[in-house]
Structures are given as structure tokens and as C-alpha cells.
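The following note sets out, point by point, what may be said about the chains of this model and how they meet. Please read it beside the structure.

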Amino acid sequence: MNHTRRNFLKFAGLTAAGLCVAGSGSVLAASGAGSSVKEGEKAVRAKRWAMVIDTKKCGTKEAIDALAKACHAAHNVPDIPGKQNVKWIWAAGFEEAFDQPNNYMDESLEKRQFATLCNHCTNAPCVRVCPTQATYKRPDGIVAMDYHRCIGCRYCMAGCPFGARSFNFMEPRLHLDLAKLNKEFPTRMRGVVEKCNFCVERLAQGKQPACVEASQGALAFGDLTDANSEVRKLLREHYTIRRKPSLGTEPSVYYII
Amino acid sequence: MKLYNGGKIITGLVIFLGIFLAPFAYNAGKAAYSQPKLKMPENEKECIESKEFMRTKHMQLLNDWRDWALRDGKRVYVNSKGKEFEMSLQKTCMKCHTNKAEFCDKCHTDAAVSPYCWDCHIQPEGLKK
Amino acid sequence: MLEKALKGTPRYYLWIGFLLVLIGGASGAYVMQLMQGLTITGMSRDVSWGFYIAQFTYLVGVAASGVMIVLPYYFHNYKKFKDLVIFGEFMAIAAVIMCLGFIVVDIGQPQRMLNVLLFPTPNSILFWDMVVLNGYLILNVLVGWTCLECDRQHLPHPKWSKVLAYVSIIWAFSIHTVTAFLYQGLPGRNYWLTAILAARFLASAFCSGPAILLLVILLTEKLTTFKANVEGIATLAKIITYAMCVNVFFFLLEVFTAFYSGIPGHMHSLVYLFKGIHGHAELVPFMWTAAALGLGSLALLIPPKLRDNMKLLPWSLAILVIATWIDKGLGLLIGGFNPNPFEQIAPYWPTGKELLISLMIYGTGALVVTILFKVATEVKKEIGASQKPVVEAE
């Protein structure tokens, strides 16, 4: 072999690379000594979760604010004044929420407020555009967020046609009452996007979503694929609309008008 | 052989050695490093896995729990002895290790490690304003 | 060859020093952003992308524009562009570096940037944008540096550099198309949801990018011994003119579809930008200025006598750059997010800190351009290519 500087560098480089590969091999090996994982027994399961909101029963700002209070308390959602706010569920008027402009609406509909939240679309644009799969679709239809992986690029916010997502522009704990936090659920950090998660952590305990529980029967939550579920029953018996259906996102939140 | 620029080289070497050996000089005469005394849970003697496993692999375990619970929707962990736990930092780990400052932080501070778990997860002793 | 950037005139050192001070000072604002979060910007829940992403979009266009010189030279052997090619490639490098810089300052968790690589997501256009931008950077660095080095050694360019140059031509079209795809596939944003957006982006890129390049080359001529081929400059000006005509034409196509169909979703963003809605008319003066300057630049570029007037050309190019920048750097983002999904207007304006951080990135780009152009002009001086004629003393 030629004892030139070039050959020495080639040899040294290959050796270093080889040592790195050998070292990392052992790190990638086994994790967890003989264990397994499974779902909890109390967990409620569905093939496709959906929500039906009876807007006649829950159609005022006060009623919807009560839902928001329950949701935001359960999930440590900060209360930020101004335009960099964070909200998971809130009240909106008919013109704002739906794409059916009507210049002569009936009076009750004109005054009514509608609970708006993430629609957990079947064909969600936010899932399609997320570059890290921090936003992803669970097999049960819920569009979930992994805050550990989110890089805060906000592409999902641009992609959502419903304005359902909020970004943590600042540290959320600055706008939370630290004495009244729900200790069973984390906060988020600044720099990640968040939205309604259909209370996956409560579903895993066999409970209903916080807003459904607080709605005193105005909101129904269940499995769309189960013909006997409460949501299917309501959908059979009442006229319902969804937000912006022409966009093809297939929202899972139905409104009884 | 003549050492060109010898004055500058020797001076530079002395300064470098001074800076490099400064931490050792600072610690000269002090007691040797002792492992921190962790506050162990009162009611529970067995953790998720053995002490040796947790010492070396708790980071990996927490990462796995995070992905299983959040991304896969499987929230129950069956450990090597067959005991079941809910995979949750706040609801399981911190139910026994009730004080982050007296347990987690003790080793983390010594090792100069600051995991970002606590940017979101709430420590059991609560947050100060 | 980088050592050529280390020695220069006092004015050169002054300029480099000024840029370093600018970048260092402005980075204080970035440190504040790292500590406090993006709350220091003017962005909001409704306008979640703002000045940073707008600059990124404009600069991807500038980066793609190098192809307007590379394509005629490599595909059609247009020899008059021979000495301009390296400047196109070097400008592209600086532009891509600025693009990447603007993306980094915009994301909320920059330390997790590598997640895009660790968890590749082919269905996300942002993933592909990262791929094509970095690929384009590598292509330009490889081809530009190698060819310049070969010129310096009086060697022929290696065959692989020609292959990669051909690839970079196709790639240049792709980087701006992919960036347009970021916008034009989003179902909720009517201003962006149009097939012609990619074509508009390319047309705007191919006039504004070469215009900026031409301005920098004219400046380089003033500051160094480099003299660009006069016919090459004239051809580049012609290309810019045609591209600007297409750019304006495409915009008018959008206006027709929006207002002849009368569909509110199509019209609303344009009405907000040019007339104002619900009393919000913040962008109206800017958009009409852009329209006036854009048409004005065409009036000064289309007549050959005016286009060839080298005293007038820099001004025509400057107002073209301003017009296209307002359209892409302000109108596109703010108009795209307004009205919001609830048909409300959410005004946006960048904050001072946001502008300072942008200045930091622009300063970095200027530094890269300065260093690379210095290297290129020094090499050309060394080999005696495209130099100003030496005036013999009487």
C-alpha cells in the first residue's frame, strides 16, 4: 500500500465510520425487557367517532362558553387576550360557521350561536400537509396531535379550512392559573400547534368528551359506523348540516339546525 | 532543530494548559463526587421495571410509552413480571415519585441534563408563578 | 478560491464590516424571539404565516431565476451569457441560503427542525420543498464552484458538470413549482386555490430574479474591473421584459375569473387587497402602488430605445423589483389569509422585531453574494475574462 497522506486519510475515515456503525448497532438493540402493551379495558372503542350538536338545545353564547370552560379546564388551555389566542371550542354565528349565506334568515337562526371546533375530518387537509406526521389520523377517525414531534411550521393551520387550530405564540403557562391546572393532563409548550382532540385521554378511561358531558344532552358523541349508536339515531331523525361540505374534507361534526 | 516562533508557541501552550486544567485545579482538595441521595417513594417498593433497568433505560422507556400511548392509542403497559401500568408520566410515574425536585432533578442536575418533559408535563408538586 | 474574498479594497472591508455588524446587531432580535416565542411577530391565530414566509416565497423565485441565464447558455449554446452564468449560479446560492434562513426563523420549535428528515412524509409538500431547495443548493454549489475553478486553471469543464447543469435547469423550475404547490393545494384558501398559481410564481420569478441579478451585476461593474458582455445584458433585459408581460397577464387572468364569475370566494381577497372590506383597507395603497410601478416598469422596458438606455435601465428594474415584491412579499400572504375561514378580516403587519430578524437574514444573503461575487470577479480578472478595456495614459 502506498504510504501517502491521502491513503492514510481514507483508511482513518473508513475506520471511524466503521466504529460509528458498530457502536450505534448496540444502541439500537433491545428496549423494554420482555414486556407488551395493550389498550385499557375501560376504553371505549369506535371505528369512526363523530359528534352531533343539537344547536337548538345549545345555541347561546352562554351555553357554548360553558362547554368551552369544561374543555379548556380539562386540557389546561390558556386564556390569552388578543389575536394570538388559543381556543379549542368556541361560539360562532351562522354566517361565520357555515358557507350557506342567506340574506333573509329566520330570526332564531340569525340569533343562534354554534359551537365550532375541530371537525376531525376523514379527509383532513391538515394531516395531508404535516411534514413530520405530528398531526395524524388515528384508526378510529380522530385527528390527533403529537406535541412532542410538532416543529411549529403552522402548515396545518394554513391547510385547515375551518380555522380550528391555534398556535402557541408564547409560553402558555404565562396565561394559565397555575393553581387550578388539571394535573392529570399536561400543558403544551410554546411553538406548537394545538386543537381539540375529541378527548382521547378521556375516551381511554371510558368517559365521554368534556364538552359532551357539560352539554347536558345537547351534544351526542358516538360511532358513525354503528347503526345503533346515538349519533346515527339522531342523524336519521333530524336534518343536519356540516361545515363547508363542498370542500370534500368529510367533517365528523354534524349540526342539527 | 530550531523552534521558529518558539516564544509564541510556548506561551500559547502554557495558556492552553492553564485553561484546560483549570476545572481540575478548582476541584483540588474537595471531596470526591458522591451520588445524590434520591427521595424514594414511601408506599411502593417496586417500580415499573427493576432499578438497574430504570437507571439505564428510563429515557428509552418514556420515549416508547409516549409513542405507544399517544400515537398507537395503547395505554396499558404489561411489565416483565406481568403487572399492568397505565403509561402516563403524570398519572403513573409521578404518583409514586411525588416530587420532581427531590427525585428527577437530583441526578439530572448533576449530569447537566435538562429533558424538556417538564415544559409541558406538570410536576406533581405544582408550578410556582 | 475563497482566499480571494479575504483581500480587497478598503471600501470592500468597510462593506463586509457593515454587514457583519448589521447581522450581529439584528440577531439580538432573533435571540429575543428564541426566548419569548413568535409572539414578538405580528402574526396571529388567523394570519399564521407572515413576513418570514412571504420573503421565503419571493426569494425562492429569485433563486430559480438563475435558470434564465443557464438555460440559454447550456441548452442553446448562447455564448453571450458565458461570463454571466457564474453570477446567476452564485446569486441562486445566496437566495437559497436566505430561503432556508427565513424558514428556520419562522418555525416554532427550531431545535426540532430535523424531524422533517427523521420522519419523512411524502404526502406533505413541505417535505418535498425541503428536498428540492437543498438539492438546488448542492447543485449550484457543485456546478458553480467546479466550473469557476476549472476556468481559473484554464481547464475544460468536466462532463459531469454539464450533466448537473442540465439537471439544475429542470430543478430550478421544480423548486418554484413545489413552493407554489405549498399554497395551491390548500382547500380553505381561495386566493391561493388556483391552478395558475405555479405559473404566476414562475413568471414573477423569471422577471424579478433576473432583474435583481442584473442590478447586482451592474453594481459589480461599477465596483470591479468586470465588464459584462453588452449583448448579454441586452438579452437578459429582453427576457425580463417578456417575463414581466406574462406576469402581469397572468394576474389579469385571475382578476377576470374572479370578477366575471362574481363568486364571493374568488373575489373577496382581491377586493380586500385593492379596495378594502369592512373598513379594513391597510394594503390598498401598497397594491395600487405595485400596479402602477409594475405597469410603469413595462412602459420603460418594452420600447427598445428605453430598454437599451443604460442610465434608465437600473431604475426600470428597481421599480419592477418593488412591484413584484409587493405582490409576492406582501399581497400573497396577507391576501391569502384574509378573509379568514369565518369571513372576517384579520389585519396583519410585521412588527419591528420581525423586520429586524428579516434584516438579519437579508444581511446574511448580502454577505454571501458579496463573498461569492468577489471570488468570481477576482478569478475573471486573473484569467482576463470580460474585463474593462484598459485606458492607455496619454
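How many residues of chain B are in contact with chain A, and with how many residues of chain A?

1. Contact between chains B and A. On the side of chain B, 27 residues are in contact with 24 residues of chain A, where contact requires C-beta atoms, placed from the backbone, to lie within 7 Å. The elements of chain B that each give two or more residues to this side are helix H2 (51-71), S1, helix H3 (89-96) and helix H5 (117-120). H2(B) gives the most, with nine residues. By class, the side of chain B that touches chain A has 10 nonpolar, six polar and 11 charged residues. Here Ala, Val, Leu, Ile, Met, Phe, Trp, Tyr, Cys and Pro count as nonpolar, Asp, Glu, Lys and Arg as charged, and the others, Gly among them, as polar.

2. Basis of the model. This is a predicted model, in which local features need pLDDT of at least 70 and side-chain atom pairs count only at pLDDT 80 or more, while totals for chains, interfaces and linings use all residues. Residues are numbered from 1 along each chain as its sequence is written, and chains are lettered from A and ligands numbered from 1 in the order in which they are written.

3. Three strands form an open sheet in the order S1(A)-S1(B)-S2(B), with antiparallel pairing; two strands pair if DSSP finds at least two bridges between them. Strand S1 (36-38) of chain A and strand S2 (84-86) of chain B stand at the edges with a single partner strand each, so one side of each is left without a neighbour in the sheet. S1(A) and S1(B) pair over three bridges, and in S1(B) the bridge partner of Lys38(A) is Val76(B). Three bridges also join strand S1 (residues 76-78) of chain B to S2(B), where Val78(B) stands opposite Glu84(B).

4. Chain B. Its secondary structure comes to five helices and two strands, helices (H or I, at least four residues) and strands (E, at least two) being DSSP runs numbered from the N terminus. Along the sequence the pattern of chain B is α-α-β-β-α-α-α. The radius of gyration of chain B is 23 Å, well over the 14 Å that the globule rule gives for 129 residues, so chain B is more spread out than a compact globule. This radius is taken over C-alpha atoms, and the rule is 2.2 Å times the number of residues to the power 0.38. Buried residues make up 15% of the 129 residues in chain B, a residue being buried if 20 or more other C-beta atoms, placed from the backbone, lie within 10 Å of its own.

5. Chain C. This chain has 14 helices and zero strands. The radius of gyration of chain C is 21 Å, close to the 21 Å given by the globule rule for 394 residues, so chain C is as compact as a globular protein of that length. Of the 394 residues of chain C, 47% count as buried. Among contacts in chain C between residues at least 6 apart in sequence, 79% join residues at least 24 apart.

6. Arrangement of the chains. Of the two pairs of chains in contact, chains A and C share the most contacts. Chain B and chain C do not touch, and their nearest C-alpha atoms are 12 Å apart.

Methods: A residue is buried if 20 or more other C-beta atoms lie within 10 Å of its own, exposed if 12 or fewer, and partly exposed in between; C-beta atoms are placed from the backbone.
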